[in-house]
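Have the structure open while you read.

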Amino acid sequence: MGTLIQNGTVVNADGIQKADLLIEKGKISDIQSRLDPASHEVVDAEGLLVLPGGIDAHTHMDMPFGGTVSADDFLTGTRAAAIGGTTTIIDFAIQARGTRMRDALDIWRAKAAGKACIDYGLHMIVTDLGSDNGKQGMNDMDDMVREGVTSFKLFMAYPNVLMVDDGTIFKALRQTAKNGALICMHAENGSAIDVIVQQALAEGKTAPIYHALTRPTKAEAEAVHRSIALAEMAGVPVYIVHLSSEDALNQVREARDRGLPAFAETCPQYLLLSLEEHMPGESFEEAKYVFTPPLREKKNQPALWNGLVHDHLQIVSTDHCPFCFADQKQLGKDDFTKIPNGGPGVENRLQLLYHFGVNAGKIGLERFVEITSTAPARIFGMYPKKGVLAKGSDADVVLWDPEAEHLISATTHNMRCDFSMFEGWKVKGNARKVFSRGELVVDNGRYLGSAGRGEYVRREARGGAWR
Ligand code: URP
Ligand code: ZN
Ligand code: ZN
Ligand code: ZN
């Protein structure tokens, strides 16, 4: 007895077909133009798109930052993700300076245990390669790869907190030539930015807008360039997270045109929100839009969309990192540097990309699936378990109603955050039913699964496959 999804339009990154899809024992067991419904539970998907579950490769649940903790934990955040059609996230464990990566992995696995509603993988944020000229840290990286943590994020920003020097970045990159992992870069020139920030504060510029105005796009482009140059020297791929500007994108495009394995993601906030529209003045309300890299001028948006169309950008993730306005964002009331960085987004990624990408004619259905599911699975070592509707893959399946209208609002969203970055926006296209490993976990916006049902995904190290 399986679940037969009948009469739907099955969309994969490499093609669309009208077909029936059979789920048995948590896996997709068959896809055919017609399958015999006898002895199966039938779900009618007439008029619906059948999509591989979304994969959000960049989230921060329960993350300590700036004296507070991101408002969604692994329960509320992954439940909201599921409701929005995302069936896998990759979150970030953070190695605290002076501790081992295994400590961080244990802490983050414990945060997710009993809470995660969908499957999750973990990247490791490396803050310190430790003693012995980095040998300990590089061994720790190999250890993490064996645990399925096959990507590492390093920061070129946030001096004295998360930022590491170029030597550390280069060592980590070189280690991935041996262990096949992928280095993810937060690419902003933190030292230069810090000079601009200190000057702004000295001039009494404390409003949220100065968070954006002190982080020029050139600081992002320079760091993207440096990341790629270091990766080229090490002979390995590199992945730029949350790329926000045309200047930065040009660096990735130039590298890819030279045949280098440089990859990058952008996020809905950079594709859809702008400095002019969302941070027009000096109001503290604008703290809702304080994240890093910051909002950019609207002229960057067409370049980012174009980057998605032409595969200069491979993935759209959310960088979901919510902090409530009423209490948490207030920490920076008198000083923009104390505003916790980040915004809520994990629930709305597919709705926004579908409405402003597919409905607007910017990207086709297959590309939509590719940038929201297939590419994250491939690049981060989960393919074909995840990211595709195929025989033998996990039955992470979204029945997507292309006609469903949805009003985005903090009053109705499921993320634990008291505002939405897209408040009052109307979108067309929404998840109707969501299956995670064959279990119906969302029906018409209601979460039906249990807390803690989500499994840790041990990812493969595929870095080398890109060369
Ligand atoms: O503002 C952001 N992006 N907060 C999360 C931390 C990070 O750099 O991704
Ligand atoms: Zn970052
Ligand atoms: Zn992030
Ligand atoms: Zn709160």
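What follows covers the ligand shell, an annotated lysine and the nonpolar core.

Keep in mind that this is a predicted model. Let's begin with ligand 1. Around it sit His-60, His-186, His-242, Phe-291, Thr-292, Asp-319, Cys-321, Asn-341 and Gly-342. Sorted by class, that shell comes out as six polar residues, two nonpolar and one charged.

Next, the lysine. An unreviewed UniProt entry annotates Lys-153 as a modified residue, N6-carboxylysine. Lys-153 belongs to strand 11, which runs over residues 151-155. Is Lys-153 buried or exposed? Lys-153 counts as buried because it has 22 C-beta neighbours inside 10 Å, and the cut-off for buried is 20 or more. His-186, one of the residues surrounding ligand 1, is also among the contacts of Lys-153.

Here are the contacts of two residues, leaving aside neighbours within four places in sequence.

| Residue | In contact with |
|---|---|
| Lys-153 | Phe-92, His-123, Ile-125, Cys-184, His-186, Val-241 |
| Val-50 | Ile-5, Gly-8, Thr-9, Val-10, Val-11, Leu-21, Ala-45, Leu-389, Val-397, Leu-399 |

Val-50 brings us to the core. The largest nonpolar core has 149 residues, and Val-50 is one of those with the most contacts inside it, along with Leu-21, Met-124, Ile-183 and Tyr-239. This core lies between domain 1 (3-51 + 395-403 + 424-447) and domain 2 (53-382), because both give residues to it.

Note on methods. Residues are numbered from 1 along each chain as its sequence is written. Chains are lettered from A and ligands numbered from 1 in the order in which they are written. This is a predicted model: local features need pLDDT of at least 70, side-chain atom pairs count only at pLDDT 80 or more; totals for chains, interfaces and linings use all residues. A residue is near a molecule or strand if its C-beta atom, placed from the backbone, lies within 6 Å of it. Ala, Val, Leu, Ile, Met, Phe, Trp, Tyr, Cys and Pro count as nonpolar, Asp, Glu, Lys and Arg as charged, and the others, Gly among them, as polar. UniProt positions are given in the numbering used here, feature names are shortened, and annotations may be inferred rather than shown by experiment. Helices (H or I, at least four residues) and strands (E, at least two) are DSSP runs, numbered from the N terminus. A residue is buried if 20 or more other C-beta atoms lie within 10 Å of its own, exposed if 12 or fewer, and partly exposed in between; C-beta atoms are placed from the backbone. Two residues are in contact if their C-beta atoms, placed from the backbone, lie within 7 Å. A nonpolar core is a set of buried Ala, Val, Leu, Ile, Met, Phe, Trp, Tyr and Cys residues joined through C-beta atoms within 7 Å. Domain bounds come from an automatic or database domain assignment.
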